[in-house]
Amino acid sequence: MTVHDMKKTAGAATWKLALFAGVAMALYLPGTANAQVDNAPPEDEAVFDVITVTARRREEAITDTPLAVTAFGKNLIETGALDSVGDLVALSPNVSFEPGGDFVSSNIAVRGVSRERSTEEPGIGIYRDGVYVGGPVTSLSDLYDLEQVEVLRGPQAGLYGRNAVGGAVNITTAKPVFENTAKVDVQLSDNDRQELVGMGNYAFSDALAARLSFKVVNQGEGFSRNIFLNQELDEKENVSARARVLWQPSDDLEIIITGLYRDDEGQTPAVFRVTDDPRQLSYDTDTPYNAKESQISSELNWSIGTGTLTNVLSYRSIDVFQQDDTDFSSAYLQTSTRDITLDNFFGELRYASADDQRFRYLVGATVLKEDSFFDTNFLISVGAPGLGAFFPPDNGGLTGDNLDSVLFDLDNKQELLSLAAFAELTYDLTDRLTLDASLRYTHDERDVEFDQATPGCTACIFIVGRSLDYSVSTDPVFENWSPAGTISYDVSAAVLVYATVSTGFKAGGINEGASQPQYLPFDSETSISYEAGVKAQLGNSAQLALAAFSQTRKDALISVDESVIDPTFPAGVNGLGINAGKIESTGLEAELSTRPLEGLEVSVAYGYLDASYKSFVVPLSGGREVDYSGNQVPRSFKQSFSINSIYRRPITSALDLLAYGSYSNSWDGFQDNANLIESDAPEMVNLRLGVEGDSWSFTAFVNNLQDTRYVTYQVGPYIQRAPGRVVGVRAEKSF
């Protein structure tokens, strides 16, 4: 038996053990229900509550929605304390989360579609309260005071359009209600971490209400430490606040105004060598991180004619600064700093006909105006100690402890204007058979100004044989028509079957930096997906969703080290996004949510995914090439499994026992295009146990029970690990 076979056998045994443990946990330990089970269980019987989703820009039961979607309701989010995107996607089949090497390139991967470069827009459409919040700076910070989160799998170009090649994520925050209420949540845990979450809702009248929410996180320690500077690398101080005002002057008109502010301060996520002890790192360079975000948005819903007119407007501003020690040592050889600013305006206008008509339609248009600026400085060692001494009297502009480091100054300014129009038509051919068709037109215009300089480096021409200074101005235009069609059939009142053909589109763009101008641009990506599924209500206490799919992606953006393309450039210094030829993905997904007995909610999810390069050949200098065809797409797992449950049981007439448990894992994946670096299994067990009354609760919890410090991100020998075990307590009081 080969080592590879032994690993496969061990992996199979591990997942069987995990499945057994997960089922046992669901039956005997408390856990969560998938968001499909949203409300607290009824007092008399275990009746299943079907959640309502807005995945198709209309409110409808998730069992009546002919697409693959996982929804997380308020009950699950609050009971399980799911306060990050990573917590949520871990419970979705064929979905994974990667924090990336920094806080602004966080990545959600759906069905193998992910984000490869830090300045690349994600392959998933990300929306918060109807506003597109994806883009080159995608900071998925802590979540709080949520109403619901929906994860849509498969291309969603028709209604979500922008970058929805792999799917979309809808985040819906709680809106004001017409009552006076408040809540305070305090959490204390390992690593000198304190969290305070608060909410206050006030009804000024029957037509006007306001809601203020906030979250404060303070953490003094963690799992990584820089002993050279006596610095905790997981320390952070995050403050976020959101204010929403709801005005309903009549039954036909609703206006919501939202203001948001966020200020995150801490250290850039620790990246280190595979062999390093993360508590004994020795870096000579401070690694601060700061991100500020502010947003003002409005939503108008007006019942006019036989339908509803919706208008969403938003202005958002983000400023990010971070610094890294990229030689990972106490020597001054390689560092990088990034100053990022982003300002965007988003607007959408749509009209949806009434839901009770045989023929239904939704038409709309969007505009996105975005200005971004990336000011990046790299100090890079060329690996020739003392080289500067051969270029007197100023060392040829070389610096660093070894006099062989070159300073690169990269300025990347981009302006984007994206216009789109979309329509979805639905027609009930019979009482049971329904046909849906959608079409979206997208027109992107970019204006790019890029400058790269090596200030004072007279030795650079000697080192690489050419000048590294250049400027590029370009104004590419990208256009696309994205159609989709679905046919669905109600086999019975409890069973829906459907088949879908959908397309996706992600516009091309510009890399953050490259040694030569021809490596800067990359083209658009398109995809087409075929999916068939079943949704069924199993009696009054369970719900089942099955989906099978096949997707083809053309010109998908893939990351390669620049030295692979240009051997004269130092290895490990810069990554480039280049377009692969074709990626083919096939898979299966199954989700079961059930209430097997009074007080117990259980959800199970399983995903199988085979995502591989149908054709991907990287041309090299001198006529050589590297062929990755047939390899598995990196950062995609062939199998994923999760189980979660919530259990509530009365202790007295005024006191309930509350318990929660979740298990998630994925396996059979790689970190690189060559499939030489296997991905660690992101195995995670989270448990919570406590008591609750009518207006309060107290729980103790442990996250990552097994203390699995699996690798979340790896490039060559450099890695980033998941946080270890965290133990804490949480107290909540409502007023």
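Which residue in β42 does Arg-273 stand opposite? Arg-273 faces Tyr-718. More on that pairing comes in point 3.

1. **Basis.** This is a predicted model: local features need pLDDT of at least 70, side-chain atom pairs count only at pLDDT 80 or more, and totals for chains, interfaces and linings use all residues. Residues are numbered from 1 along each chain as its sequence is written, and side-chain values use heavy atoms, with hydrogens and water left out.

2. **Overall form.** The chain has five helices and 43 strands. Both are DSSP runs, numbered from the N terminus: helices are H or I with at least four residues, strands are E with at least two. The C-alpha atoms fill a box of roughly 85 × 65 × 50 Å along the principal axes. Buried residues make up 56% of the 735. Buried means under 20% relative accessible area, exposed over 50%, and partly exposed in between (1.4 Å probe, protein chains only). Of the contacts between residues at least 6 apart in sequence, 67% join residues at least 24 apart. Contact means heavy atoms within 4.5 Å.

3. Strands of a sheet pair through backbone hydrogen bonds, either parallel or antiparallel. Here an open sheet runs in the order β17-β42-β41, with antiparallel pairing. Its edge strands are β17 (272-273) and β41 (711-715), each pairing on one side only. β17 and β42 (residues 718-721) pair over two bridges. Two strands count as paired if DSSP finds at least two bridges between them. Arg-273 and Tyr-718 stand opposite each other here.

4. **The five-strand sheet.** A second open sheet has the order β3-β8-β9-β6-β7, and its pairing is mixed. β3 (69-73) and β7 (131-132) are the edges; each pairs on one side only. Inside this sheet, β8 (residues 146-153) and β9 (residues 167-173) are antiparallel over seven bridges. Leu-152 stands opposite Ala-168 in β9.

5. **Surface and nonpolar patch.** The chain exposes about 29,300 Å², and carbon and sulfur atoms supply 57% of it. Areas come from the Shrake-Rupley method with a 1.4 Å probe; for residues, only the protein chains shown count as cover. A nonpolar surface patch has about 810 Å² of accessible area together; its members include Val-184, Leu-196, Val-239, Trp-696 and Phe-735. The elements giving two or more residues are β10 (181-189) and β40 (696-703). β10 gives the most, with three residues. Patches take residues with over 30% relative accessible area and no salt bridge; like charges are joined within 9 Å, nonpolar side chains (Val, Leu, Ile, Met, Phe, Trp, Tyr) within 5 Å. A salt bridge is a side-chain nitrogen of Lys or Arg within 4 Å of a carboxyl oxygen of Asp or Glu. Val-239 lies in β15 (residues 236-250). Val-239 is partly exposed, at 41%.

6. Trp-302 sits in β18 (residues 288-304) and is partly exposed, at 39%. Beyond four places in sequence, Trp-302 contacts Asp-252, Leu-253, Gly-307, Thr-308 and Leu-309. Gln-323, in β19 (residues 307-325), is buried because its relative accessible area is 18%. Past four places in sequence, Gln-323 touches residues including Thr-268, Pro-288 and Ser-336.
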